Structures are given as structure tokens and as C-alpha cells.
Amino acid sequence: DNMTINGTVPAGGLTITLSGAHVVLTWPTNTTSLTVQSTTNLGSPVIWTTNSPAPVVVNGHNTVTNAISGTQQFFRLSQ
């Protein structure tokens, strides 16, 4: 799976890691107004949707865990 990160990244940044059959996205908790959005296609017009589930705080970082669906996804942090 190909993953890219774009948009304004807070100090400490957005981190994407693989954990078994899941993608784990984390970013600092000092950026409370940011949400993770995703899309499967960066062709115009790009349609970003708010990622589900909502983040939970783990070890001082906002954390979102997504199952890998086999479909390419692109992620960004957005206000």
C-alpha cells in the first residue's frame, strides 16, 4: 500500500506505522483542532473524508488505527 502525508504537519509530525493488518496514525496532542482525513485518489477533484474512528490518546499522542483494506489511501491532518 502507498501512503503519503500532506497538509500542515504540527511540530512532532504525523507518523504512520504498520501494526499487523492495521495502519496506525499518530500526532502530538497539542494539536487539538486537527483531524485525520483520507482519500483513495489524488486526481482532481480530490474528495477528502474525515477518518473514522475518532482519535484516542495513547502515550501522549492522538492515535487512530485503521484496518488495511487493500485499497490505496492517502492521509492528511486538516483543521
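A residue counts as buried when its relative accessible area is under 20%, and by that criterion six of the seven residues of β3 are buried, so the strand is mostly covered.

The overall architecture is simple to state. The chain contains eight strands and zero helices, and reading along the sequence gives the pattern β-β-β-β-β-β-β-β. Of its 79 residues, 32% are buried. The accessible surface amounts to about 4800 Å², and carbon and sulfur atoms account for 52% of that area. Contacts reach well along the sequence: among those between residues at least 6 apart, 61% join residues at least 24 apart.

Confidence in the prediction deserves a word before the details. The mean pLDDT of the chain is 80, with 82% of the residues at 70 or more. Residues 1–10 are a stretch to read with this in mind, as pLDDT stays under 50 there. For this stretch the model has 25 contacts beyond four places in sequence.

Strand β3 belongs to an open sheet of four strands, arranged in the order β2-β3-β7-β6 with antiparallel pairing. The edges are formed by β2 (15–19) and β6 (56–58), each of which pairs on one side only. On average, neighbouring strands of this sheet are turned by 40° against each other, direction ignored. Strands of a sheet pair through backbone hydrogen bonds, in either a parallel or an antiparallel sense.

On one side of β3, the partner is β2, joined to β3 in the antiparallel sense over five bridges. Within this pairing, T17 is placed opposite V24 of β3, while L18 faces V23 of β3. The hairpin that β2 and β3 form has two residues between the strands, and G20 adopts a positive phi near 65° in it. The other pairing of β3 is with β7 (residues 61–67): the two run antiparallel and are joined by seven bridges. Here L25 has V64 of β7 as its bridge partner.

Nonpolar side chains tend to be buried together in soluble globular proteins. In this model, the largest nonpolar core comprises nine residues, namely L14, V23, L25, W27, L34, V36, V64, F75 and L77. Both β3 (22–28) and β8 (74–78) supply at least two residues each to this core, and β3 gives the most, with three. Leaving aside neighbours within four places in sequence, V64 contacts V23, V24, L25, W27, V36, N51, P53, A54 and P55.

In the loop between β4 (35–39) and β5 (49–50) lies P45, and the peptide bond joining S44 and P45 is cis, with omega about -5°. Further along, the loop between β6 and β7 holds N59. This residue is not a glycine, yet N59 has a positive phi of about 50°. Is N59 buried or exposed? With a relative accessible area of 76%, N59 is exposed, because the cut-off for that class is over 50%.

Key:
Residues numbered from 1 in each chain as written. Heavy atoms only, no water. Core = buried A, V, L, I, M, F, W, Y, C linked by side-chain atoms within 4.5 Å. Buried < 20%, exposed > 50% of the residue type's maximum accessible area, 1.4 Å probe, protein only. Contact = heavy atoms within 4.5 Å. Areas by Shrake-Rupley, 256 points an atom, 1.4 Å probe, with all protein chains shown as cover. Pairing = 2+ DSSP bridges. Axes fitted to C-alpha atoms, helices over the stretch in contact; angles between N-to-C directions. pLDDT = per-residue confidence, 0-100.
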